[in-house]
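Open the model in a viewer and follow the stops below in order. Each stop gives a selection and then what is found there.

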Amino acid sequence: MGKDVIIACDFSGAAETFGFLDLFTGKKPFVKIGMELFYAEGPQIVRDIKARGHRIFLDLKLHDIPNTVKKAMRVLSQLDADITNLHAAGTAAMMRAALEGLMRPDGTRPLLIAVTQLTSTDETAMHNELLIDRPLNEVVLHYAQNAAAARLDGVVCSPLEAGIIHERCGSGFLTVTPGIRFADGDTGDQKRVTTPEKARELGSDYIVVGRPITQAADPVSAYLRCVKEFTE
Ligand code: C5P
C-alpha cells in the first residue's frame, strides 16, 4: 500500500456510483465510500464495489464508547474494506478497542486511521465551543501521536501536516489527505487546498480527491492527471 489516489465517491446512490465507475474501463481506482452512500445503500454497496475489484476506504468516522465501537468494527471487518476510520477524540481506549474489533479470525484486518480535528472545525470553534485552548496544529499533532501510540495505522490530515506527522509518528504512519485541487481548478468549499504535486512533495501517502474528478467533464482524464501529478 502507499502513494495512490483515492476517489471520494460522494454519490447518493448505487446507480450513480456504478455509472461513474463504469467510465473507468479496465482501471480499478481506489475509492472512498462515505456516510451518504453507505447510509443510502447499506453494507451491500461495499461488497458490490469490492466485487468489481476496487480497493475501498470506508469513511464512517466512528465515535462512541469503546465497547460499541469494538462491536461495530467487528461487523465492518467482514465487509473487506482496505481502510476504515474513527475519530481520535474518542480516546486511546476507544482506538484500541476498535483495533481489537477489526481483527478478523484469520489475523488480518483493514487498516485503521484516525480523524484528528475535522478541517471544518477552525481554531475559534475549537477554543469557544469545544473549550480546547491549545493551537489547532498542536491538537492535530497530539491526536495523531495518540493514534500512533494506540497502534493505529495513520491519520486523515491536511497535506500541510503530513511532514510533521511523519516526523513525530514515523515514516510508515499513513497520512491520508483530502483538500486536493488542480492548480487551474475550482476550490469549492475547501479552504486550505493543495495540488496533487504539492501533496507528493509534502509527503502525503494517499490523496483523497472528490469533485475535481467526479464533477470533471472527463473524470477518467482528471483521475489520470491526478495519478500522474501525485506519483510521477
Ligand atoms: O470533493 P472534495 O475533493 O472536496 O472531497 C473531499 C472528500 O474528503 C469528501 O468526501 C470529504 O468529506 C472528505 N474529507 C475532507 N476533509 C476532511 C475529512 C474528509 O474533505 N478533513
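Begin with Lys70, which has 22% relative accessibility and therefore counts as partly exposed; buried means under 20% relative accessible area, exposed over 50%, and partly exposed in between, with a 1.4 Å probe and protein chains only. This is a predicted model, in which local features need pLDDT of at least 70, side-chain atom pairs count only at pLDDT 80 or more, and totals for chains, interfaces and linings use all residues. Residues are numbered from 1 along each chain as its sequence is written, and side-chain values use heavy atoms, with hydrogens and water left out.

Lys70 belongs to helix H4 (residues 66-77). Helices (H or I, at least four residues) and strands (E, at least two) are DSSP runs, numbered from the N terminus. Which residues does Lys70 touch, not counting those up to four places away in sequence? Select Ala97, Glu100 and Gly101; contact here means heavy atoms within 4.5 Å.

Next, select the largest nonpolar core, of 60 residues. A nonpolar core is a set of buried Ala, Val, Leu, Ile, Met, Phe, Trp, Tyr and Cys residues joined through side-chain atoms within 4.5 Å. Ile33, Leu58, Met73, Leu86, Leu152, Ile165 and Ile213 have the most contacts inside this core. Helix H7 (residues 136-149) gives the most to the core, with 7 residues.

Centre on Ile213. Leaving out residues up to four places away in sequence, Ile213 touches Val5, Ile7, Phe20, Phe24, Pro219, Ala222, Tyr223 and Cys226.

Now show H7 together with helix H8 (residues 159-169): the two pack at an angle of about 40°, and their axes are 10 Å apart. Axes are lines fitted to C-alpha atoms, for helices over the stretch in contact, and angles run from 0 to 180 degrees between N-to-C directions. H7 and H8 are therefore oblique to each other; angles under 35 degrees count as roughly parallel, over 145 as roughly antiparallel, 65 to 115 as roughly perpendicular and the rest as oblique. Their crossing is right-handed, meaning that the near helix is turned clockwise from the far one by less than a right angle. On the H7 side, select Asn137, Val140, Leu141, Ala144, Gln145 and Ala148; on the H8 side, Glu161, Ile164, Ile165, Arg168 and Cys169. This contact of H7 with H8 has 7 nonpolar, 2 polar and 2 charged residues. Ala, Val, Leu, Ile, Met, Phe, Trp, Tyr, Cys and Pro count as nonpolar, Asp, Glu, Lys and Arg as charged, and the others, Gly among them, as polar.

Move to helix H1 (residues 14-21) and helix H3 (residues 44-51), which pack at about 15° with axes 12 Å apart. H1 and H3 are therefore roughly parallel to each other, and their crossing is right-handed. Ala14, Thr17, Phe18 and Leu21 of H1 meet Ile45, Asp48 and Ile49 of H3. The contact of H1 with H3 divides into 5 nonpolar, 1 polar and 1 charged residues.

Finish with two backbone angles. Lys61, in strand S3 (residues 56-62), has a phi near 45°, a positive value in a residue other than glycine. Lys61 is partly exposed, at 24% relative accessibility. Leu131 sits in the loop between helix H6 (123-128) and H7, and its phi is near 60°, again positive in a residue other than glycine. With a relative accessible area of 65%, Leu131 is exposed.
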